[in-house]
Amino acid sequence: MSENIITVKNLQKSFGNVKAVRGISFEVKKGEVFGMLGPNGAGKTTTLEMLEGLRKSDSGDIVVAGVNVCRDQSKVKALIGVQLQSSAFFDNLTLEELIKFFSSLYGVRVDAMRVLEEVGLTEKAKTQVKKLSGGQKQRFSIASALVNRPEVLFLDEPTTGLDPQARRHLWDLIRDINGKGMTVVITTHYMDEAEELCDRVAVVDKGQIIDIDSPANLIKKLLGRGFKKKKVVQEATLEDVFLDLTGKTLRD
Amino acid sequence: MMNLRKIKKEILNTLTIAKYMILMFFREKTAIFFSLFIPVMLMSIFGVINTGGGVKFNVAVVDEANNQASQQIVTALQKVSVFTITTKSKDDALADLKNSKQTYALVIPEGFGANFAEYGAKQAELAKLPVSQQQAAVAALTVTPQRIDIYYDQSQNSSTISVGFTVFDKIFDGVTHQIARVPNFFEVKQLSISGNDLKYIDFLIPGLVAMSVMQLSIFAVTGQIVSWRERGILKRLLATPIHPGVIIFSQIVSRVIITFMQASILILLGILAFNLHVVGSLGLVVLLIVAGGLIFLSMGFALSGIASTQNTVAALANLFVFPQMFLSGIFFPRDAFPDWLLRASDYFPLTYFSDALRNVMVKGYTITQISGDLIGLAIWAVIMFVLAIKLFRWE
C-alpha cells in the first residue's frame with residue numbers, strides 16, 4: 001500500500017454561527033485521484049481552502065506533503081498546485097507572460113512554452129485570457145498550477161460550465177497529469193466525472209464526510225442495501241447520442 | 001549568507017512582479033488616457049488661453065497726411081510691442097472700431113507736421129542770436145500743437161483703454177523729443193523678479209502634476225485591487241507561496257515608477273511647449289512626488305478595503321478626489337475663497353503637496369522653506385498608512 005500524501009484529522013471550521021466543516025477526517029494516497037462529492041454548500045471548497053493554506057481551520061490537523069498546514073501555510077503553498085473555482089487572471093497579459101509571472105510568484109524558473117504545451121495551449125501563447133473559451137481558461141488555470149511542479153494538484157470544480165467535448169478533453173488532461181505521478185484532489189458535482197476520474201471519492205454533506213471509498217465499492221454497497229433503479233438502465237445515454245452526433249473533437 | 005540570498009531573491013521577485021504590473025498598465029488604454037491625456041489636455045487648454053500673456057491692442061492708423069512727419073509717428077507706433085498696427089481708410093477704421101475689431105483708431109489729419117517746419121525755422125533764428133540771449137529765447141519758444149484724433153472702443157474696460165492712451169502719450173513725447181533734439185534724462189530698465197507675479201502656466205503645471213499623481217495613485221489602485229478581489233485574482237495570488245506584502249510592495253513600486261514617468265512627461269511638455277520655468281531642486285521635486293504618491297497610494301489601499309464592488313470604490317474615490325481637485329488651488333489660487341474654506345482647504349493633502357511642488361519647481365524654495373508642507377505631508381502619510389493597514393483586506 002502506498003503512503004498517504006494528505007492526512008486530515010477532525011477538521012472544523014465555522015463562519016459566525018454557521019458550521020461549514022464539522023469534523024472531517026480522511027487520507028489521500030500518493031498518486032491517486034481523490035474526489036470530493038457533495039451538493040453546494042456541503043463544505044467542499046472550505047475544506048479544500050484549508051488544505052491549500054488559504055484559510056485557517058478552527059481546529060484539527062492537516063498534513064500535506066509532509067508539511068503541517070496549520071502551522072506552516074506558506075511552505076505548503078510551494079508544494080501544491082491550486083486551481084480555484086474562478087479562473088480569472090490579470091487582463092492585459094498574454095498566457096506566456098502570465099506563466100512567467102506566476103513562476104516568479106512561486107520563485108521558480110520555467111520554460112513557459114513547455115508548461116503551455118502540457119495543457120495544449122502553445123498556439124494561444126500570445127493571447128490574453130479573456131479571449132479564451134471556457135475549456136481553454138480551465139486548462140490555462142491548470143497550467144498556472146503546474147509551474148512549480150507540485151506534488152499535489154487541487155482542482156475545484158474544474159469542468160463546471162463546460163460543453164461535453166471540453167469536459168472530456170479536460171478529463172484526458174487530468175488523467176495525463178496524474179499518469180506522470182501527480183496526486184490530484186478534485187471537487188465536482190458530476191457523478192460521471194467522479195466515476196471516470198477518481199480512484200476514491202469522499203461524499204460530503206453538511207460539513208461531514210458520509211462515506212469514502214472507490215466509486216465501484218460505493219455502488220456495490222448501495223446495491224448490497226437492496227437498491228434497485230426504477231427504470232431499466234438504457235444501453236446509451238443522451239450524452240452518448242450528443243457525442244455521437246457532434247463528435248469528440250474539441251470545439252475551442 | 002542564507003538570509004542574504006533570500007533577500008536578494010525577494011527583491012528580484014518584487015521587481016519581476018512590478019515589471020509585469022507596469023506592462024499591464026501600459027496595455028490598459030483607458031488608464032493611459034486618464035493619466036496622460038486628461039492632464040495634457042487641461043494643460044493645453046489653460047496654457048493656450050493664457051500664454052498670449054498680458055494686454056494687446058489693435059490700432060488702426062489712418063494716415064491722411066502721408067508725409068515725413070506722419071511717417072515718423074507711424075514708425076514709432078509700430079515699434080510698440082503691445083500694439084498691432086494696421087493702416088486703413090478712415091471709414092474702414094471707424095467701422096472696425098464699432099465691431100470691436102480695433103481698440104483704437106488713430107487719425108493723422110491732412111497737413112499734419114506743419115509745426116515741424118515752423119519749429120525748424122524758429123530754431124534757425126535762435127541760432128543767430130547772441131549766446132547770452134539764447135536761453136531766454138528758448139524758454140519763450142512756442143509752436144502751434146498739431147491735432148491727432150484717437151477714437152477708441154467704448155465697450156472696452158475703461159482702465160484698459162487708459163493704459164493704451166498712456167502708451168500713445170509716451171510715443172508722442174518721444175517723437176517730440178526727437179524733433180526738439182532734447183536728450184533723454186531717464187533710461188528705464190525692466191527687471192523682473194519671480195515674486196507673486198508668476199505666469200499662470202507656472203502656477204498651473206506643478207498643480208496639474210500633483211493632481212495627476214493623486215488621480216493615478218488613487219484610481220489605479222482602487223480600481224485594480226477591487227476588481228482583482230471581485231474576480232478571485234487576489235485569492236489566486238494568495239495561493240502562491242509569495243508573501244502578501246511582496247505583492248503590495250511591488251504594486252507600490254510599479255505605481256511610483258509609472259507616476260514618475262507621468263510627472264516627467266507633464267513637466268517636460270510644460271517646459272518645451274509652454275515655457276515653464278523650473279528653477280528649484282530636482283531632488284526635492286522627486287522627494288515630493290514619492291511622498292505624494294505614497295500618501296495617495298495608501299489612500300487607495302484604504303478605500304479598496306472599505307468598498308467591496310468596483311462601483312462603490314469609484315464613488316468613494318471620487319468623494320476624495322473631486323473636492324481636492326477644485327479646492328486645493330490647482331487651477332486657481334485659493335485667495336478668493338471665503339475664510340472658512342481657505343482654512344479648511346489648508347489641511348488637504350493635495351494642498352500641501354501642490355503648494356510645496358509649486359514653490360520648489362517655480363520659485364526655487366529650499367527644503368527648509370517648505371518644511372511646513374513637509375510636516376503636513378508626513379502627518380497625512382502616517383494617517384493614510386495606518387488606515388491602509390487597518391482597512392485593507394484580501395477577501
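In which handedness of crossing does α5(A) pass α6(A)? The structure is a predicted model, in which local features need pLDDT of at least 70, side-chain atom pairs count only at pLDDT 80 or more, and totals for chains, interfaces and linings use all residues. Residues are numbered from 1 along each chain as its sequence is written, and chains are lettered from A and ligands numbered from 1 in the order in which they are written.

The crossing of α5(A) past α6(A) is right-handed (the near helix is turned clockwise from the far one by less than a right angle). Helices α5 (residues 134-146) and α6 (residues 164-179) of chain A have axes that come within 9 Å and cross at roughly 15°; axes are lines fitted to C-alpha atoms, for helices over the stretch in contact, with angles from 0 to 180 degrees between N-to-C directions. This makes α5(A) roughly parallel to α6(A) (angles under 35 degrees). A:G134, A:G135, A:Q138, A:R139 and A:I142 of α5(A) meet A:A166, A:H169, A:L170 and A:L173 of α6(A), contact requiring C-beta atoms, placed from the backbone, within 7 Å. Helices (H or I, at least four residues) and strands (E, at least two) are DSSP runs, numbered from the N terminus.

Chain A also has an open sheet of four strands in the order β2-β1-β4-β5, with antiparallel pairing (at least two DSSP bridges between two strands). β2 (18-29) and β5 (67-68) of chain A stand at the edges, each with a single partner strand, so one side of each lacks a neighbour in the sheet. Five bridges join β1 (residues 4-15) to β4 (residues 59-64) of chain A, and A:V8 stands opposite A:I62 in β4(A).

Technical notes: Angles under 35 degrees count as roughly parallel, over 145 as roughly antiparallel, 65 to 115 as roughly perpendicular and the rest as oblique. Two residues are in contact if their C-beta atoms, placed from the backbone, lie within 7 Å.
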